[in-house]
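Please look at the sequence and structure shown here.

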Amino acid sequence: MSRRRLIWTQVDLKALEAPVFDGQSIMFTPRNYGNIDLVSQNQSGQNVTISVRFTNEVQRGTFAMLQVVSLVLKRVMNRIQLTQLGRNYYDANLRTEVAKHHLELWPGYFSALHPTQAGIALVCDV
């Protein structure tokens, strides 16, 4: 079972107010919960202890803030049922077949985040 699934199956985690987890080792929460240990079960039924440790706060304009926004954007794209291919997202439900050329056209989105003096800029190309 993936780390992400173990985290999301943890009942106590719902109290953490929509955490943002990268699926590997970094989890961002809207406030500091200190150090907590969560217990979950993997697919074989073994108990797994997940230790969540506070390390620092994310400051505006830092790389960590860019990471948070990127993870939230990825979650939104998945929730609106876009398909990720490489770094881009496509809408399989709106695909158009071009039978003459044996092709399917999928409308898609390219997005990139860039730090600017005013904050974070989102570049989105359709």
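Q: How is the confidence of the chain to be read, and where is it lowest and highest?
A: This is a predicted model, in which local features need pLDDT of at least 70, side-chain atom pairs count only at pLDDT 80 or more, and totals for chains, interfaces and linings use all residues. Residues are numbered from 1 along each chain, and side-chain values use heavy atoms, without hydrogens and water. The predictor's confidence in each residue is its pLDDT, from 0 to 100. Here the chain has a mean pLDDT of 82, and 86% of its residues reach 70 or more. Confidence is lowest in helix H1 (residues 3-8), at a mean of 64, and highest in strand E7 (residues 96-98), at 94. Helices (H or I, at least four residues) and strands (E, at least two) are DSSP runs, numbered from the N terminus. Where pLDDT is low, the predicted coordinates should not be read in detail.

Q: Is Asn56 buried or exposed?
A: Buried means under 20% relative accessible area, exposed over 50%, and partly exposed in between (1.4 Å probe, protein chains only). Asn56 counts as exposed because its relative accessibility is 55%. Asn56 belongs to the loop between strand E4 (47-52) and H2.

Q: How far apart in space are Asn56 and Asn32?
A: Their C-alpha atoms are 8.8 Å apart, although 24 residues separate Asn56 and Asn32 in sequence.
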